[in-house]
Every structure is written in structure tokens, then in C-alpha cells.
Amino acid sequence: MARVWQLLLFVLIMAVLIGLPPLLGAGLQNAMTNMLIAALFAMAFNLLMGQGGMLSFGHAAFYGVGAFAVMHLMTAIDRGGLSFPTPLLPLAGAAAGLLVGLVTGWFATLRSGVYFALVTLALAEMLHSLAPHWEGLFGGEAGISSMRMPWGGFIFGQVIEIYYLTLIWVTLSIGLLYAYTRTPFGRLTLALRDNEERVRFMGYDAHATKMIVFAVSATFAGIAGGLLAVSNEQANYELFGTHVSAQVVLHTFVGGSTVFFGPAIGAAIFTLFAYLVSDVSRSWLLYQGVIFVLVMLYAPLGIGGVVMLHLRHWASIPWQRMVGPYAGATAATLLMAIGTVMVVEFLEALFSPHYVAQRRQAETSWPAFERFGASWEPFGILTWGPPLLLLIVGLLILLRLRHRIVALWDEVQETAETAARSGV
Amino acid sequence: MREDRVLDLRGIAKSFGSARILEGVELTVGRGERHAIIGPNGAGKSTLFNLISGQFSPTSGSILLNGREIAGRPPHQINRMGLSRSFQITNIYHRLSVFENLRLGVMARHGLRFSLFRRVAALRAVNEESEALLQRIRLEDRRDRPAGDLTYSEQRALEIGMTLATAPEVILLDEPTAGMSQEETHYVIELIREVTKGKTLLVVEHDMNVVFSLCDRISVLVYGELLATGTPEEIRANRAVQEAYLGEEVA
């Protein structure tokens, strides 16, 4: 039964991914391409982090290397007349990721835990500071740009073409990553996460094993970077930046590293969020940070983890009694979100250079400012009262409902434990 | 008898900095023997196990497994040469299923160490062997539970199963009954007796009843030195052992 649902869900998601983009504008098509790329990048990262138990803070290295490899191949085709099918360009990213992953993985996996994380961080930083000075390989500060060549009747000039190319690559790659979990080596990867020492005492060479997990992860990160290069037709040293490495960690944790598709969900949502909100608000990074902190504090398993929890206990959740509190909590969260956004946007307006200039010109020392298509008094009760009220009301509702939701979940947990004890 | 040596420790010494843990340990274990190492806390029993299994290298001396030097080799190589150990503190894959815990060992023995292009579900021999092992340690009804959810004594049984999974010739068990009730101890000892048939067993154990009933030979380790080795009767009668360790308990 579960199988049927999974298959249905898969078909539905694929139908949306295939059918939706032609109905959208180029901007959203491009955003969806970026969502797919971010999803693959996060899935590749999570092979190392979620399955292998190795938290890398430098995955931008492989993402960037993949992008540059594709740019070089693209340039060679464009200039030298090298004949290479354009749709296969990301293969160069895969090869570069694999190669760099093997070499750097050999070093990084000599250490575990924090030391491993620091080695990977240093590695990406090294590339980040080296690339702007290396004209030949990374094109200096400006980076490299080139043109996609038409191939086999496809022009690859439209965003939608690139979208479908990306979709094929990402689907294939995630399919391979899924197949990986079904291989003996995939099982060994999980064992490595749980208990590296025991792996060693079972006759496995832990270092070689970790190195290969690392290299496979780097290969798929390279494909993701390569797809980005195909889409943007350019790459520069910023791809190696700390924010790129941090972003993938964030996507993965918000999506849920313990669930196979979790990182893809997190990456897709955050990329879409960035696309939609960054146009409207300058504070979008702050919102993203707040969401991340809230997820880590109150749902550390991430979105995927929360969904899985509900699916696992679906039958024993008292839905009739749960629906009310859940709806209430959603509404309260919405109230608090509106309150937060108002406060943040007001503060942003008050501290903006635009407002500072306005103050200089105005006769009154604190002129009204514009936000949400209305005018607000900086010290007005009508300015700060409503958002604060929303925040307080939302918080009070949440605090009350939390008790009820926790109590209901305790019941569910108890049922599950009784079932486990009776050995079902 | 000499050709039948499986494990041969010669002049083993181990120091950590200035602390001498082991000194001049000579120990021979014959094929098919059940050999116990006893001694007070801090005598160096666990260190000895760590040296034999490759966790540490000895400061000096040699360890021969079937005539081949293993001192200083990494654990995975020693395991592939036919020696497998359990741990005093349960050392399992907590988040993986009981079956998976065992299958990982069986996979290793089948040389599936870098197998990236086969489906694990399709490995018939591996899966059948794992199922059989699951039955031998009597955890069939816990097959798909995460190992971390098992009771303590079930985890200890799994620990032994994992040690057996690589089909070793020599088995090192580090305090297999530590922290168990009498009933559980009895259960685990029966299990050990059954599953180590035809294998060589080296066991560290505190429970004297267990040691005397299970083992053919006993070595007594006190302050890093081997005080005596012999049959249970010889050890019981040994005056030095009585004074140093056994005391009133056995006399």
C-alpha cells in the first residue's frame, strides 16, 4: 500500500515538474532550474552528511570545480570547434568533481568530526582565495563566460530548454543516488555514520570507504555545479564562497537530513523563497535565517523529518482531536509571521539611507515613512501596536496549543511503544 | 601441540607514555581451545585485547596468528586474517536494523567492500547467511528493529553475532556477560558455547563460575604480567593466584 502511495506521489511530482514550466514566464522557469540544481547539490551533500555522517563545510569546492570544468569544455567547443554534445556537458563537472573529490577526500577523511569539517572548510577557502588570481584556470576575478552551442536540432537558447535538460540530469542523478542506497556499499555508508570503529573491526578499510563516499558526493556536487554553468553560461570564483557551502548545509538541515528526499525539499523551498522574497524585501536573508533557527529549535528533523513522523504514525494519530490544534497553530504562526515581517520591514525602512535623507530634508525631525503602500508614523501607536499585538496573540495561542499537541503526541508515542513491546 | 597454535604472543609489552600496562606477556592459544583471561581491574586485560585485535600496536613483542605476524597491523587486516572481536561496551550500529548489523559483517566476509554496482537485496548467499546467523543468536523476532531499541542483553547477543558474522577462526570476547543478571548470563553463556563450537575462543570474563565452566584453559593477568596459565583445576590450586586474585572466593 505504501508503495502505491509512493509511486503516485512520484508520478504527481514528475507531472508537475514536466507540465508546469511551459505555463510560466522565463523568470520562474529559471528559478525552477535553480531549484532543481540546488536540490541535486543538497542531495549530493547529504550523501556525505546524512548517510556517511561527515559534515562538510566546503562543498562549494566541488560545486565550483564542476562549474569551471563545464565552462572550459564549453569554451573549447565554442572556440576550437571541438565536437561534443551540449547535453552531455555536465559530464565534465562529474569528472572534475570525482577527481578533486578523490584527491581532497583522501586528506579530509584522515580526520573525523570537527577536524574533518575544518579541513573541508579550509579546502574551499583555499580555492576561493586562489581563483581570483589564477587567470588561466578560473578567469581571474571576472571568471569565465562562454556560449552553449546548438546540438542535434536543439538550440539551447531558451530557458525552457535548459530547464528540461536540467530536469533530466537531476532526475537521473537523484535516481542514481537512490540506487546507491540499495547497494552493499550504500549500506556500509550508513554503518560508517553509526559506528566507524566497528566498521574497521568488521574487516573494512574505514579510510578507503570514507574516501569513496566523499568522492561520490563530490561527483554529484560537480554535476550540480556543471548544470549551473550550463544554465548561466558563466562561472566565477564566488562559486567557491563560504556562503555557497553554508547554503547547502542550511538547505539540507531545513529539509531534513534523515530523510532521503529531505534535502531536495529544503533546497527547492529555500531557492524558491529566495527568488520570490528577494525581489520584495531587502531583509530576505534575515527571514531565511529566522526560519532556519526556528526549524533547528522546534523541528530539528527538518521538514522531511516532520512529514515522515506523521506518515509513520498515520494510523495512530487521533486526527479528529489533532486537526483543531494544528489549524490553530498554523493560524497563530501566520499571525506571528505577519507581525515579524511588519516589525522587520518598519525597522528596515527607518534605518534605510532613503529615510535618513528624508529626515535631513523634512522639517519635522521624524517624518512618516512609506511601507506596504501606506504611510506610517515612526512613533505611532498605529505603527507598532498592530504588529506587536499580532506577535503577542500568536505567541499566546501557540503556547496554549503546544501543550495540547505535545499531549496528543505522547499518546501516539505510547501506542507505538506498546506495539513495539508486544513485538509486532 | 606446537603446530596447533593459533595465537602466539611473545614478549608483549605495552606502555602509554611512562605508564607500563603490559610487560613480557607470553601466551599461546591452541586450535579449538576456549581460553579465558582473568585478573583484577586494571590488570591490562582490555589492553591485551586491543593489541591482539589491532586497536593499538604493542611497544615490543610479536603476535602470531597462524604463524603470521599481526602486531601493528590495522584492525581490518587482522579481521580479514580470521580474528574477530567483541567489545566490552556494546559497539553496534544503533540506527540500523538488527539484520543489517549482521549483514554488514557477512558482506565483509564475502569481500563486498566496495560494491557499488550490485543490489544488496539480490545477494542471495549473503542474505541467507545473515538470516541463519540471526536465528543462531535467537533474535529473529527483532530482525527489523533498530539495534539501539533492543534490551541490553539482546544487544550483547547481537554484539556476539556481529563478531561471528565475518566467520572468524579466532574469536575474542571482551566481558560478554558484563552487567547482566544471572539469568541473562546463563543465556549468553549457552549462546557462546553453542556458536563458538569448533572455533578458538579467547575471553575476558569476571564471573568465575562462567570462566570455570566454559573454558579449557585460563591465564591470570595481574599488574600487566602473566601470573599463571593452566587448566581450571591448576589455576584453582595455584597458590600465587589464590593470593593475588582469587582469594577466599574459590579457596
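This is a predicted model: local features need pLDDT of at least 70, side-chain atom pairs count only at pLDDT 80 or more; totals for chains, interfaces and linings use all residues.
Reader: Which strands are the edge strands of the open sheet of four strands in chain B?
Author: The four strands of this open sheet follow the order β2-β1-β4-β5 in chain B, and their pairing is antiparallel. An edge strand pairs on one side only, and in chain B this holds for β2 (19-30) and β5 (68-69).

Reader: What angle does the direction of helix α1 of chain B make with that of β2(B)?
Author: Helix α1 of chain B, residues 45-53, packs on the sheet and touches β1, β2 and β4 (60-65) of chain B. Its direction and that of β2(B) make an angle of about 65 degrees.

Reader: Which residue in β10(B) stands opposite V220(B)?
Author: Chain B also has an open sheet of six strands with mixed pairing, in the order β6-β7-β8-β3-β9-β10. Its edge strands are β6 (83-85) and β10 (225-230) of chain B, and the twist from one strand to the next averages 15 degrees. Strand β9 of chain B, residues 217-222, pairs with β10(B) in the antiparallel sense over five bridges. In β10(B), the residue opposite V220(B) is A228(B).

Reader: Is A125(B) buried or exposed?
Author: A125(B) lies in helix α4 of chain B, which covers residues 124-136. Because A125(B) has 9 other C-beta atoms within 10 Å, A125(B) is exposed.

Reader: What radius of gyration does chain B have, beside that of a compact globule?
Author: The C-alpha atoms of chain B fill a box of roughly 60 × 40 × 35 Å along the principal axes, and buried residues make up 45% of its 251 residues. A compact globule with 251 residues would have a radius of gyration near 18 Å, and chain B agrees with this, because its own value is 18 Å.

Reader: What distance separates the centres of domain 1 and domain 2 of chain A?
Author: The domain assignment of chain A gives domain 1 as 21-283 and domain 2 as 313-421. Taken over C-alpha atoms, the centres of domain 1 and domain 2 of chain A are separated by 35 Å.

Notes. Residues are numbered from 1 along each chain as its sequence is written. Chains are lettered from A and ligands numbered from 1 in the order in which they are written. Two strands pair if DSSP finds at least two bridges between them. Helices (H or I, at least four residues) and strands (E, at least two) are DSSP runs, numbered from the N terminus. Two residues are in contact if their C-beta atoms, placed from the backbone, lie within 7 Å. Axes are lines fitted to C-alpha atoms, for helices over the stretch in contact, and angles run from 0 to 180 degrees between N-to-C directions. The radius of gyration is taken over C-alpha atoms; the globule rule is 2.2 Å times the number of residues to the power 0.38. A residue is buried if 20 or more other C-beta atoms lie within 10 Å of its own, exposed if 12 or fewer, and partly exposed in between; C-beta atoms are placed from the backbone. Domain bounds come from an automatic or database domain assignment.
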